[in-house]
Amino acid sequence: MISDGGVEEEEKYLAAGIAGLQQNAFYMHRALDSNNLKDALKYSAQMLSELRTSRLSPHKYYELYMRAFDELRKLEMFFREETKRGCSTIELYELVQHAGNILPRLYLLCTVGSVYIRSKEAPAKDVLKDLVEMCRGIQHPLRGLFLRSYLSQVSRDKLPDIGSEYEGDADTVSDAVEFVLQNFTEMNKLWVRMQHQGPAREKEKREKERSELRDLVGKNLHVLGQIEGVDLDLYRDTVLPRILEQVVNCKDELAQYYLMDCIIQVFPDEYHLQTLEIILGACPQLQPSVDIKTILSRLMERLSNYAASSAEVLPEFFQVEAFAKLNNAIGKVIEAQVDMPIDGVVTLYSSLLTFILHVHHDRLDYVDQILGACVGKLSVVGKLEDSKATKQIIALLSAPLEKYNDIDTALKLTNYPRVLEFLDQGTNKVMANVIIQTIMKNKTCISTADKVEALFELIKGLIKDLNGNLDEVDDEDFKEEQNAVARLIQMLYNDDPKEMLKIICTVKKHIMVGGAKRLPFTVPPLIFSSLKLVRRLQSQDENAGEEEEDASVTPKKIFQILNQMIEALSVIPVPELALRLYLQCAEAANDCDLEPVAYEFFTQAYILYEEEISDSKAQVTAIHLIIGSLQRLHVFGVENRDTLTHKATGYSAKLLKKPEQCRAVYACSHLFWVDDQDSIKDGERVMFCLKRALRIANAVQQMATATRGSSGSVMLFIEILNKYLYFFEKGNPQVTVASIQGLIELITTEMQSDNSTPDPAADAFFASTMRYIQFQKDKGGAVGEKYEPIKT
């Protein structure tokens, strides 16, 4: 190991070693060029003596070793050429054993041994056995490890495997396996012993250095995995037990973890499946500090991928009872390691669940069993605060959703919501979003009230504040979450009106406790979902004929529920939204011929307008919505309609800004003339609204003249002119050619006035209106005759 001289001193030792190696390599090359075997061996031994140093760290020693390795490859090529020129390989094999120091001697012996096996003058198994035994002569951990690594490197393509050119007798594969296992065992012992070299204060540093050398040991297992002759029987009876014996007996945390991981990675999946009991049996024998959860998770991951690769392999899993063995092993590991962090426990259950979903995807009882076991462990720790554990819980709960692509299946798992209980509010929301996205992605329709109840229990993190606390959430994130819930509500549907009403009531029960901040997002989609049911009932009623209507599901009952929900909104308050929803409900009640219900909804809308909506812009929007909705309704009797229209015209005349007042008043004219209803064609009141709008427009002009010294835009007059033309075409006798002509002349005079304000938009609008009148004249017929007297 490195001495106390520090990094600089170590660099000096490395530089000196490289210089000595290069100098001897130079003389070795000169001897090789002159075919001087004796000098070549002399200088090569001196070159390799540089590897006897104990003053370098593993990292620096590796640098020196690689330079020596490159030179040895050239020496091996020379030895091969020598044998072709007639030099006896056996004599060469014996000659190199005269090197003075054991380490150079063994490196040269391995090099000549490679040539010896290639020459086939002796069975490969005998040479390999001789080499692996003689390498016992180096017991220094670092030097011995690199020497045996060199032996493994030069022999890996010369093993007496089946189909190999070095294949021997019937036991040839056993010989190859024995050689690799023996070399692996000795290398592992040397590797483990490295931890005891040097003072205790440098143990952490030594462990890091050891970790860097782990691949030297692991390559042996990789070689074993590539031997063609290692079939399942040989692996089960010889290879795996011998490896595990070494793993368990070394009692070293680093070695045990790394080698178990190597076993899982380098040998075939089918071998793991057939030897599951053996490998799982070794897990409890490992050191308590070994990360068994990761080892088991990787094993289950490989087996899961193997199961997913082909349905044909699944019977093998059933035959060996893989689930029972893995479940039992995990239980024992968790029981034995009482200090295992909760994230480790959840990781194991998550891996086992993934395994189940690939192998026994039809066994929901197995899935629920795993979730139940997880609940048992989580109940000990309570609410999770560990981020690693919460991530694993999300992975655990997401796995069934991804596999089944169906929330219905997850809803059948009784332990699924119990696992969710252990998540904090933030993680609960994440999981709820995952559930909703799964439903959206697969376009799953939730069709019963019971399923809706179970579903909303799962996503309650989004629809109410858990523990009574409103978490600080970014506004954009909050909107995104609530919009996801709104989309989900639209996915709840059943053809049976009775069941659909139950679904609506179930959703209402959950969302009404969501708080003032959530209701504006969640109530509207439920309102519209309910209105769809109302229209469906209306359609069924029209087509039912003599069939009796289900008394438990009537539009009137649904409207009562809707009224309760909108009242909750108006209390928040969000009066503009509540008003829109009242008007929507009034239209639906109109279509169902429920005059008292429609009148009540309109009354509520008017109350909101009067008491809650004070912003002038909001008032303008609201009054136009009211006028538009009222104009489309036909269910009201004369008295109710007069009351509502009178109120609407009154609100219009009281708007703050005169131009808005004017537009609202002329819009009210449509309340007194509805095309498809002969009972609502009051020409006089239409004309009253239009004349009143003209007076307001004129007042706007006068105010502009008084305040700015110039008349304002004639846009309002042109808009009113278009209303005149509309009602003129519709046959309103009160709108005469004279009144239209007078308005045209008024607009023309205003536009030509010296103090008029230029308005390109108004000019274009008026020109377009004039073209329309001319077009109607040119069209001829009854309409043409009607328009003919108007002068443009």
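Predicted model: local features only at pLDDT ≥ 70, side-chain atom pairs only at ≥ 80, totals over all residues.

Colleague: Which residues are buried in H10?

Modeller: Leu216, Val217, Gly218, Asn220, Leu221, Val223 and Leu224. Buried means under 20% relative accessible area, with a 1.4 Å probe and protein chains only.

Colleague: What do the buried residues of H10 pack against?

Modeller: Four helices are involved: H7 (141-155), H8 (172-193), H11 (232-250) and H12 (253-266).

Colleague: At what angle do H7 and H8 cross?

Modeller: Roughly 155 degrees, and their axes come within 9 Å. H7 and H8 are therefore roughly antiparallel (angles over 145 degrees, on a scale from 0 to 180 between N-to-C directions).

Colleague: Which residues of H8 make the contact?

Modeller: Phe179, Asn183, Glu186, Met187, Leu190, Trp191 and Arg193. Contact means heavy atoms within 4.5 Å. By class, the H7 and H8 contact has seven nonpolar, five polar and three charged residues.

Colleague: New topic. How far apart are the axes of H20 and H23?

Modeller: 11 Å, with a packing angle of about 20 degrees. H20 (387-404) and H23 (425-442) are therefore roughly parallel (under 35 degrees).

Colleague: Which H20 residues touch H23?

Modeller: Thr390, Ile394, Leu397, Ser398 and Leu401. The contact of H20 with H23 divides into seven nonpolar, four polar and no charged residues.

Terms used: Residues numbered from 1 in each chain as written. Heavy atoms only, no water. Buried < 20%, exposed > 50% of the residue type's maximum accessible area, 1.4 Å probe, protein only. Helix = DSSP H or I, 4+ residues; strand = E, 2+ residues; numbered from the N terminus. Parallel < 35°, antiparallel > 145°, perpendicular 65-115°, else oblique. Nonpolar A, V, L, I, M, F, W, Y, C, P; charged D, E, K, R; others polar.
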